[in-house]
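Take a look at the structure first, then we'll go through the contacts one by one.

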Amino acid sequence: MSGEGIGFGKAIVFNEHFVVYKIPAIVSAIGKYTLAKVEPINRSGWKLNDNRKATPRYKEDKIDQQKDSINRMIQKMDIDLSKNGMEITLEGNLYCASGIGASAASCVAIARALSQHFQITLTDEEINDIAYEGEKGYHGTPSGIDNTASTFGGLIWFEKSENNVMDKIELQNPVEIVMGNTGKVADTTKAVAGVRERKEKYPEKYKEIFDRAENIAYLAKDAFQGEDYKEIGKLMNENHKLLQQIEVSSRELDFMVKLARDHGALGAKLTGGGLGGNMIALTPGKDLQDKVANAIEKEGFQTVKTVVGASRKVND
Ligand code: MEV
């Protein structure tokens, strides 16, 4: 047998980091995906061909985490490779960088490819659970938001809890965004640990920030439902401020966020773990999207032009 599967990249539109502490967050799958292929080999164990395009150092820096992640998923699926091994190949149009869901996309793609190769019929929920186990290899105690977006696609309201809450937010029309890559590979585990440390050290200050983040999530959900992009942009700007206050932004992220706003983006913020990685700018309409992307590219950064709120299909 052989197997194939995909996982989408993602952009967190509201409340990365806060989501780890059960504050609601809003995430969207994006129109880029990782494709995993699994094929039998004539020896035991597994080997990997990682053909994904990536930010320099991304793959090198994450190689140990990637091995751990794949082993975790194999174990979770009770797969026995002691006689017949397999080769996993990763490719697809998702350019790997921090903050764009590259690890989650690969976990979901691999889980799907393994289930096909070993003829294990799985629901999306089960794929999501396996990918979550894989995500632990990359960042210890993930909230589960990335693998959820990567598995199910669309725009999602997500709350971490015993049984994570996941509600689709349906938009009439998907809306354009630009993602800007700082080119800096960041370690999500470190970023999350830093927030935890400071939160314990300054409980009152952090409580105030977290309360506002929670408030913003509800306001943003209403604004999405009314397709009030001006309001969403304003809330994104405020969300970025809160992320700066919990010290997960960086000079490059702040620079790009300002640049995007100066060129007409309705709002912009860092997205994902921060400390490098990606930012996201809300740019309704193709013209504004091009204008903001061009301004960012002129400064030497890479961009991804995509939409949030589309129900995703391959090649979407
Ligand atoms: C990383 O994409 C998002 C974080 O909130 C971590 C997590 O939710 O697991 C920073």
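Start with Lys 10: one of its polar side-chain atoms lies 3.3 Å from an oxygen atom of the ligand. Keep in mind that you're looking at a predicted model. Below, we look at what else surrounds the ligand, and then at a link elsewhere in the protein.

**Contacts with the ligand**
- His 17 uses its backbone here: an N or O atom of that backbone lies 2.8 Å from an oxygen atom of the ligand.
- Asp 146 brings in its side chain, with a polar atom lying 2.8 Å from a ligand oxygen.
- On its own the ligand has 300 Å² of accessible area, and the protein covers 97% of that.

**Where the ligand sits**
- The ligand takes up the space of the largest pocket.
- Two elements give two or more residues each to the shell around the ligand: strand S1 (3-14) and helix H5 (145-152).
- There are 13 residues around the ligand, and the ones that come nearest are Lys 10, His 17, Pro 142, Ser 143 and Asp 146.
- Sorted by class, that shell has 5 nonpolar, 5 polar and 3 charged residues.

**Salt bridges**
- The count of salt bridges comes to 19.
- One of them joins the side chains of Lys 269 and Glu 16, at 2.8 Å from N to O.
- Lys 269 is in strand S8 (residues 267-271) and Glu 16 is in the loop between S1 and strand S2 (25-41), so this pair ties together parts that are 253 residues apart in sequence.

Methods
Residues are numbered from 1 along each chain as its sequence is written. This is a predicted model: local features need pLDDT of at least 70, side-chain atom pairs count only at pLDDT 80 or more; totals for chains, interfaces and linings use all residues. Side-chain values use heavy atoms; hydrogens and water are left out. A residue is near a molecule or strand if one of its heavy atoms lies within 4 Å of it. A polar contact is a pair of N or O atoms within 3.5 Å; within protein, one must be able to donate a hydrogen and the other to accept it, and residues adjacent in sequence count only if both atoms are side-chain atoms. Accessible areas come from the Shrake-Rupley method with a 1.4 Å probe; for residues, only the protein chains shown count as cover. On a 1 Å grid over the protein atoms alone, a cavity is a set of points where a 1.4 Å probe fits but cannot get out, and a pocket is an open set with protein on both sides within 12 Å along at least five of seven lines; lining residues have an atom within 4 Å of a point. A molecule sits in a cavity or pocket if more than half of its atoms lie within 2 Å of its grid points. Helices (H or I, at least four residues) and strands (E, at least two) are DSSP runs, numbered from the N terminus. Ala, Val, Leu, Ile, Met, Phe, Trp, Tyr, Cys and Pro count as nonpolar, Asp, Glu, Lys and Arg as charged, and the others, Gly among them, as polar. A salt bridge is a side-chain nitrogen of Lys or Arg within 4 Å of a carboxyl oxygen of Asp or Glu.
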